[in-house]
Amino acid sequence: MKVMIRKDSKGALSAYVPKKDLEEPIVSMERPQMWGGLVTLANGWQLALPEMDAATALPITVEARRVAGG
């Protein structure tokens, strides 16, 4: 599914899923650089993000896979 990853002015990361009209904060990350691992959203969803460079500019839309939650 398409997911937009954003960072707000305070540095907090969030994920927006357009098909579900859902925006949730990212509460935990499997890897410190986020890319190529699982992230957990505040609603309990876990998304597998693609491998990308740690310096990837945000916001960005990526193809993520929902693994669990919700």
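Residues are numbered from 1 along each chain as its sequence is written. In this predicted model local features need pLDDT of at least 70, side-chain atom pairs count only at pLDDT 80 or more, and totals for chains, interfaces and linings use all residues, while side-chain values use heavy atoms, with hydrogens and water left out.

**Exercise 1. A residue in strand 4**

Task: Decide whether Thr-40 is buried or exposed, and list its contacts beyond its neighbours within four places in sequence.

Solution. 
- Step 1. Thr-40 belongs to strand 4 (residues 38–41).
- Step 2. Buried means under 20% relative accessible area, exposed over 50%, and partly exposed in between (1.4 Å probe, protein chains only).
- Step 3. Thr-40 has 18% relative accessibility, so Thr-40 counts as buried.
- Step 4. Contact means heavy atoms within 4.5 Å. With neighbours within four places left aside, Thr-40 touches Pro-25, Ile-26, Val-27, Ser-28, Trp-45 and Gln-46.

**Exercise 2. The nonpolar core**

Task: State how many residues the largest nonpolar core has and which elements give two or more residues to this core.

Solution. 
- Step 1. A nonpolar core is a set of buried Ala, Val, Leu, Ile, Met, Phe, Trp, Tyr and Cys residues joined through side-chain atoms within 4.5 Å.
- Step 2. The largest such core has 17 residues, and Val-3, Ile-5, Ile-26, Met-34, Trp-35, Leu-47 and Leu-49 have the most contacts inside it.
- Step 3. Two or more residues come from each of strand 1, strand 2, strand 3 (22–29), strand 4 and strand 6. Strand 2 gives the largest share, 3 residues.
- Step 4. Take Val-3 as an example: beyond four places in sequence, its contacts include Ala-15, Tyr-16, Leu-47, Ile-60 and Val-62.

**Exercise 3. The salt bridges**

Task: Find how many salt bridges the whole structure has, and place each pair in the chain.

Solution. 
- Step 1. A salt bridge is a side-chain nitrogen of Lys or Arg within 4 Å of a carboxyl oxygen of Asp or Glu. The search finds 3 of them.
- Step 2. Glu-63 and Lys-2 form a salt bridge at 3.5 Å, N to O. Glu-63 is in strand 6 and Lys-2 in strand 1, 61 residues apart. Glu-63 is partly exposed at 47%, and Lys-2 is exposed at 51%.
- Step 3. Glu-23 and Arg-6 form a salt bridge, with the closest N and O atoms 3.5 Å apart. Glu-23 is in strand 3 and Arg-6 in strand 1, so the pair ties together parts 17 residues apart in sequence.
- Step 4. Glu-51 and Arg-31 form a salt bridge at 2.8 Å, N to O. Glu-51 is in the loop between strand 5 (46–48) and strand 6, Arg-31 in the loop between strand 3 and strand 4, 20 residues apart.

How values were computed: Helix = DSSP H or I, 4+ residues; strand = E, 2+ residues; numbered from the N terminus.
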